[in-house]
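Open the model in your viewer and keep the selection panel at hand. We will go from stop to stop, with something to select at each one.

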Amino acid sequence: MNPEALQRLFGIEGKLAVITDSGGNSSSDVAQVLAAAGAKVVVADKESARMQPILDQIKVAGGEAIAVATDVENEASVIALFDQVERAWGTPDIVVNCAAMNNCRPLTEFTESAWDEVISMDLKSVFFCMREAIRHMKASARGGRIVNITTMGSLHPVLNGNGAYGAARAGVNGLVRSAALDYAKDNILINNVMPGAVQGKVRLHPETIARLERGELTGPGMDTERRRPLGWGKPEDIAAAVLYLVGPSGGYITGHGIVLDGGFLLS
Amino acid sequence: MYNDSQIGARLATMFNLAGKVVVITGAAQGLGRQTARLFAEVGAQVVIADLNLEAAKVAAAEIEARGGTAVALMIDVADHASVAALFTDVDTKFGQVDILINNAAHRAKAEFFDMTVEQWDAMQEVTLRGTFLCCREAIRRMQAKGTGGSIVNISSVGSVHPTLWGVNAHYDAAKAGVDSLTRSLASEFASERVRVNSVLPGGMTSEGAAKISDTYRIRGPMIGAGRIPLGRIADPMEVAQVVLFLASPAASYVTGQILAADGGYMVS
């Protein structure tokens, strides 16, 4: 193995990365992997208590990280996040949007407010974070990389009752394609990572957790024997895909999604 | 409420193929035969092109007996001379080709590890190269006449999503090639008003399909319980109706597309 070659291909030494939703979903793994690859990391979550363990782990491993309390569903909070990062450490080179919540229930039971909650969390928050990231990256004229962690469910139904979540996340796919086209000239590359069955990495709405515990969740994704050719994915699989997309080797990919589904879509 | 004649008038502008000449390959049985019946019912003059001329004659006679127009012609789509001869025959008989349905396919299964290169080649020659040869002959005529035309390639849901394990690798690869040909030709000849689309059937209750399960141990994703959300495989006429839509003026702005008639298999 040639460590220099790996550094040249995948290293992000000295880059500044903002990662939303630290502690939930895939964000803790993403934060630690990007820090280990040389980036300074900003973790942005609504709850400070969730962020501290991530900061501690990164610091113990010899990395640099700060936390900025952020509500990604609140426009002013997202603007403040990027302003604060700019003042403290400069313009982010990398933004990874991990924040998400899956509220899975039959469409006939979805109220307008429940629908709006899903769209706010799973689509609008990504719009806020991408818009602010792009504004700062354009102003710096150094380009940048944005990766959203969405879901394979945006391409193919996984669970029954994913109408709202699937629509919101598919909306992110559309947002990514449009923004990738618009800002390619600014060397801002924007992609998605779409995990399938990666254990414990989707934040579930409390009612969805209750449904899961009652055995009420059904759908293609629950057929574990036939529909997971490679079994469960590891949390690090998501972080590794992000690292590839934000590093030197990902320099010619924009507007796409990498599906981490262990073969589900072909099963 | 519109009355029946008003509804009929609108539908006729969308689906009436009176005066059109349609060449359907592999039309002596199964999906091809049902497609021929349907196209004849909406006024098309149908060329039943098949390797089995006797069976083609039976299919043509049935249409004629119902008052339609059909002729039976022999074609081996794997043989370029046979393809050329068929289209020359069609020139003589009808003077034009408005619609081509590439339905002929090599259906033979082969176990992946045991497959001979001859089996692989036979699949590509019939399913992919045959489609290419027929498309080329038809598009030449559509270009020359200057009125455009419509081609529908019968592909398979297997071109996009595996259906059976072990026995279909050569078939799925050939059908994926057909879909690519659909896109290439649609792009290249759109300016001459030649439309090209693919239809992707899932399982069908056709004669060809029945022979397969007698010979091979069929296994794979499509065989699993509950994998076809509509709960059944298709009657070939249900797929023929999709072919008619794509071939007809109703789809005048549709080209280069693949349309699955799979009972929901691809979203299950």
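Here is a short walk through the two chains, beginning with a few conventions.

This is a predicted model, in which local features need pLDDT of at least 70 and side-chain atom pairs count only at pLDDT 80 or more, while totals for chains, interfaces and linings use all residues. Residues are numbered from 1 along each chain as its sequence is written, and chains are lettered from A and ligands numbered from 1 in the order in which they are written.

**Stop 1: the sheet of chain A**

Switch to cartoon and find the open sheet of 7 strands in chain A, whose order is β3-β2-β1-β4-β5-β6-β7, with parallel pairing. Helices and strands here are DSSP runs (H or I, at least four residues, for helices; E, at least two, for strands), numbered from the N terminus, and two strands pair if DSSP finds at least two bridges between them. Why is one side of β3 and of β7 left without a neighbour in the sheet? Select 65–69 and 257–260 of chain A: these strands stand at the edges with a single partner strand each, so one side of each has no neighbour in the sheet. On average, neighbouring strands of this sheet are turned by 15° against each other, direction ignored. Axes are lines fitted to C-alpha atoms, for helices over the stretch in contact, and angles run from 0 to 180 degrees between N-to-C directions.

**Stop 2: β4 and its partners**

Now select 94–97 of chain A, which is β4. A:Ile94 and A:Val96 on one side and A:Val95 and A:Asn97 on the other are all buried, so to speak on both covered faces of β4(A); buried means that 20 or more other C-beta atoms, placed from the backbone, lie within 10 Å of the residue's own, exposed means 12 or fewer, and partly exposed is in between. In a regular strand the side chains alternate between the two faces of the sheet.

β1(A) and β4(A) run parallel, joined by 3 bridges, and A:Ile19 has A:Val96 as its bridge partner in β4(A). Towards β5(A), β4(A) pairs in the parallel sense over 4 bridges, with A:Val147 as the bridge partner of A:Val96 in β5(A). Follow the chain from β4(A) through helix α5 (residues 112–140) to β5(A): this β-α-β crossover is right-handed, that is, with the strands pointing away from the viewer, the path from the first strand over the helix to the second runs clockwise.

**Stop 3**

Contact means that the C-beta atoms of two residues, placed from the backbone, lie within 7 Å. Next, helix α9 (residues 235–246) of chain A lies across β4, β5, β6 and β7 and runs at about 155° to β5(A).

**Stop 4: over to chain B**

Where do the chains meet? 6 residues of chain B are in contact with 6 residues of chain A. Chain B itself has 8 helices and 7 strands, and 46% of its 268 residues count as buried. Select 45–50 and 69–74 of chain B: β2 and β3 pair there in the parallel sense over 6 bridges, and B:Ala49 has B:Leu73 as its bridge partner in β3(B).

Finish at B:Tyr2, in the segment before α1 (4–15) of chain B. B:Tyr2 counts as exposed because it has 9 C-beta neighbours inside 10 Å.
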